[in-house]
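Try each task before you read its solution.

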Amino acid sequence: MPSKEQAASALCIATIPRLLSSGHVDVADKLANIHGFLKSGAMEQVFEVYRTLPRHDIADLWESMDWMLSEDERTPVRERALTAAYYNQTLRALGDLRVSLLYGFQRPVVESSPAAVQQLADELASALEARADGI
């Protein structure tokens, strides 16, 4: 079982390329900075940058603007769901690390394995597809 720092670091690394490919270069840069601070043990800087991360639907999963694009330009729902799942897990891992170190409150380590994140993405995509079907 990885530590909270290891989980947060692994999720940062896994999320960065997804954010870059979806055009969120500024957020990817912040995660790269956080990863560097985690490696060096500079937790105050980690938390400082963490507080500036966006908390919105980063992958445009729920409020997609894809309707303005041609069919070929649209990002598949499952790909957007995977980006959203990775980003959400990263935020959770960093938030839990902050709460743990600053306040001593212990939560379970956020699942950082690719299989667990994929499962979350599948659940998000299924919920979105059900919503689109009017269920």
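**Exercise 1.** Find the partner of aspartate 122 in a salt bridge, and say where both residues sit.

*Solution.* Start with the criterion: a salt bridge is a side-chain nitrogen of Lys or Arg within 4 Å of a carboxyl oxygen of Asp or Glu. The side chain of aspartate 122 meets that of arginine 78, at 3.5 Å from N to O. Helices here are DSSP runs of H or I with at least four residues, strands are runs of E with at least two, and both are numbered from the N terminus.

A word on the ground rules: this is a predicted model, where local features need pLDDT of at least 70 and side-chain atom pairs count only at pLDDT 80 or more, while totals for chains, interfaces and linings use all residues. Residues are numbered from 1 along each chain as its sequence is written, and side-chain values use heavy atoms, leaving out hydrogens and water.

**Exercise 2.** Classify aspartate 122 and arginine 78 as buried, partly exposed or exposed.

*Solution.* Buried means under 20% relative accessible area, exposed over 50%, and partly exposed in between (1.4 Å probe, protein chains only). Aspartate 122 has 33% relative accessibility, so this residue is partly exposed. Arginine 78, with 40%, is therefore partly exposed too.

**Exercise 3.** How many salt bridges does a search of the whole structure find? Describe the one made by aspartate 96.

*Solution.* The search finds 2 salt bridges. Aspartate 96 pairs with arginine 107 at 2.5 Å, N to O. Aspartate 96 is in helix 4, whereas arginine 107 is in the loop between helix 4 and helix 5, 11 residues apart. For accessibility, aspartate 96 is at 9% and so counts as buried, while arginine 107 is at 35% and so counts as partly exposed.

**Exercise 4.** At what angle do helix 1 and helix 4 pack, and how is that arrangement classed?

*Solution.* Helix 1 (residues 4-21) and helix 4 pack at about 150°, with axes 9 Å apart. Axes are lines fitted to C-alpha atoms, for helices over the stretch in contact, and angles run from 0 to 180 degrees between N-to-C directions. Helix 1 is therefore roughly antiparallel to helix 4, a class for angles over 145 degrees.

**Exercise 5.** Count the helices and strands of the protein.

*Solution.* The protein has 5 helices and 0 strands. From the N terminus on, the order reads α-α-α-α-α.

Methods
Angles under 35 degrees count as roughly parallel, over 145 as roughly antiparallel, 65 to 115 as roughly perpendicular and the rest as oblique.
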